[in-house]
Amino acid sequence: MLNVSVRPQPAAVAAVSALAAIAGKTSSDEILVEQIAAGSKPAMQALFARHRTYVYRWLLRFVSNETLAEDLLSEVFLDVWRQAGRFECRSSVSTWLMSIARYKALSARRRRTEAELDEKIAATVADPADDPEIALQEKDRDELLLGRALTRLSPQHRQVIDLVYYHEKSVDEVAHILDVPPATVKTRMFYARKKMAELVDGAEKVRC
């Protein structure tokens with residue numbers, strides 16, 4: 001497996017030197033991508049060594065988590081290895097890398113937002129270990145916060161959340177009900193979850 005640690009790797013440095021000897025120091029990113037498409041691991045290591053630092057720093061600013069940023073960096077260059085043959089030079093290689101990195105970062109942020117909201121929704125289910133009266137009070141309080149947040153969503157976003165969480169419909173079922181593409185349902189669900197999380201967090205801070 002390709003080692004894509006953000007720390008300097010001797011193998012990567014050696015690969016850069018070897019490649020420079022073969023293709024010259026003026027080897028362009030496009031040439032490296034062509035060689036990667038042909039299966040050249042030294043070219044892959046060279047491209048990674050050339051671009052890893054700024055891509056990692058951009059990812060880190062986006063996700064604010066070093067471990068996650070390193071994982072996403074690995075995913076970015078794994079996609080480069082897999083998709084090099086489809087690169088058409090319509091933009092610079094660096095722009096291509098950043099577009100891949102942006103997609104990876106947005107996906108990671110969406111997963112984190114969804115997980116946080118799912119935790120909040122799960123919190124409305126009473127813990128059997130709690131005192132029944134206390135559990136009921138906690139459940140009622142959390143349901144009230146979620147209910148208020150739901151009413152503040154746009155009608156389109158409220159419909160999606162209501163169908164998915166309260167009626168347990170799948171994305172395809174919601175798409176059929178609302179007569180929109182599944183991708184539209186996913187987009188609305190993402191923004192609805194994000195807004196609800198913000199509203200619930202805000203209500204909890206005010207309460208505290």
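Visitor: At what angle do H2 and H3 pack?
Guide: Helix H2 (residues 29–37) and helix H3 (residues 41–63) pack at about 140 degrees, and their axes are 8 Å apart. This is a predicted model: local features need pLDDT of at least 70 and side-chain atom pairs 80 or more, while totals for chains, interfaces and linings use all residues. Residues are numbered from 1 along each chain as its sequence is written, and side-chain values use heavy atoms, leaving out hydrogens and water.

Visitor: And which residues of H2 and H3 make the contact?
Guide: From H2, Asp29, Leu32, Val33, Gln35 and Ile36; from H3, Ala43, Met44, Ala46, Leu47, Arg50 and His51. Contact means heavy atoms within 4.5 Å. The set splits into 7 nonpolar, 2 polar and 2 charged residues.

Visitor: Next pair. How far apart are the axes of H3 and H4?
Guide: The axes of H3 and H4 are 9 Å apart, at an angle of about 140 degrees. H3 is therefore oblique to H4 (under 35 degrees is roughly parallel, over 145 roughly antiparallel, 65 to 115 roughly perpendicular, the rest oblique).

Visitor: Who meets whom there?
Guide: In H3, the residues include Phe48, Val55, Tyr56 and Leu59; in H4, they include Leu72, Leu73, Phe77 and Val80. The contact of H3 with H4 holds 16 nonpolar, 1 polar and 4 charged residues.

Visitor: Switching to cores. How many residues has the largest nonpolar core?
Guide: The largest nonpolar core has 29 residues, and Leu59, Phe77 and Val80 have the most contacts inside it. A core here joins buried Ala, Val, Leu, Ile, Met, Phe, Trp, Tyr and Cys through side-chain atoms within 4.5 Å. Buried means under 20% relative accessible area, with a 1.4 Å probe and protein chains only.

Visitor: Which helix gives the largest share of this core?
Guide: H3, with 11 residues. H2, H3, helix H4 (66–83) and helix H5 (93–122) each supply at least two.

Visitor: What does valine 80 touch?
Guide: Beyond neighbours within four places in sequence, valine 80 is in contact with Ile36, Met44, Leu47, Trp96, Leu97 and Ile100. Apart from that core lies another of 18 residues, among them Val164, Ala175, Ala192 and Val200.

Visitor: Is alanine 175 buried or exposed?
Guide: Buried, because its relative accessibility is 6%. Alanine 175 is in helix H8 (residues 171–178).

Visitor: What is alanine 175 in contact with?
Guide: Leaving aside neighbours within four places, Val180, Pro181, Pro182 and Val185.

Methods. Axes are lines fitted to C-alpha atoms, for helices over the stretch in contact, and angles run from 0 to 180 degrees between N-to-C directions. Helices (H or I, at least four residues) and strands (E, at least two) are DSSP runs, numbered from the N terminus. Ala, Val, Leu, Ile, Met, Phe, Trp, Tyr, Cys and Pro count as nonpolar, Asp, Glu, Lys and Arg as charged, and the others, Gly among them, as polar. Buried means under 20% relative accessible area, exposed over 50%, partly exposed in between (1.4 Å probe, protein chains only).
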